[in-house]
Amino acid sequence: PIMFTVYIPKSLTTGRYYMGQTHDLEKRIAEHNGEDAGHTKKEQPWMLVWKQCVSTRSEAMILERQIKKRGAKRFLEDIGKKKPG
């Protein structure tokens with residue numbers, strides 16, 4: 001079965017976060033850092049800072065929407081606070 005990954009990379013040049021979902025994370029991160037990156041090109045390089053696998057595209061889209069609503073930085077801070085220790 002195809003798994004989908006919701007992911008957050010961070011720009012190492014600007015510190016900005018991006019959010020997305022894909023069925024091929026390795027390929028997608030390479031695209032963000034590639035020649036034809038589109039609107040993420042000017043903020044290269046991108047480094048993956050968080051990911052979560054889900055079983056369906058609709059789950060991925062729901063999770064991505066929740067993260068976008070909260071904001072990636074605040075989302076990451078929130079889950080950081082929930083870690084033990």
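Strands are DSSP runs of E, at least two residues each, numbered from the N terminus. With that in hand, let's look at this predicted model and see where some of its residues sit. Its largest nonpolar core has twelve residues, and a second, separate core has five.

**The cores**
- Among the twelve residues of the largest nonpolar core are Phe4, Val6, Ile8, Trp50, Ile67 and Phe75.
- Phe75 is one of the residues of the largest core; leaving aside its neighbours within four places in sequence, Phe75 is in contact with Ile8, Trp50, Ile67 and Arg70.

**The surface**
- Leu12, Met47 and Val49 make a nonpolar surface patch of about 250 Å².
- Met47 lies in strand E3.
- Met47 has a relative accessible area of 41%, so it counts as partly exposed, a label used between 20% and 50%.

**A buried glutamine**
- Gln21 is found in strand E2, which covers residues 20-22.
- Gln21 counts as buried because its relative accessible area is 18%, and buried means under 20%.
- Which residues does Gln21 contact, leaving aside its neighbours within four places in sequence? They are Phe4, Thr5, Val6, Tyr7, Arg57, Ala60, Met61 and Glu64.

Methods:
Residues are numbered from 1 along each chain as its sequence is written. This is a predicted model: local features need pLDDT of at least 70, side-chain atom pairs count only at pLDDT 80 or more; totals for chains, interfaces and linings use all residues. Side-chain values use heavy atoms; hydrogens and water are left out. A nonpolar core is a set of buried Ala, Val, Leu, Ile, Met, Phe, Trp, Tyr and Cys residues joined through side-chain atoms within 4.5 Å. Buried means under 20% relative accessible area, exposed over 50%, partly exposed in between (1.4 Å probe, protein chains only). Contact means heavy atoms within 4.5 Å. Patches are made of residues with over 30% relative accessible area and no salt bridge: like charges are joined within 9 Å, nonpolar side chains (Val, Leu, Ile, Met, Phe, Trp, Tyr) within 5 Å. Accessible areas come from the Shrake-Rupley method with a 1.4 Å probe; for residues, only the protein chains shown count as cover. A salt bridge is a side-chain nitrogen of Lys or Arg within 4 Å of a carboxyl oxygen of Asp or Glu. Helices (H or I, at least four residues) and strands (E, at least two) are DSSP runs, numbered from the N terminus.
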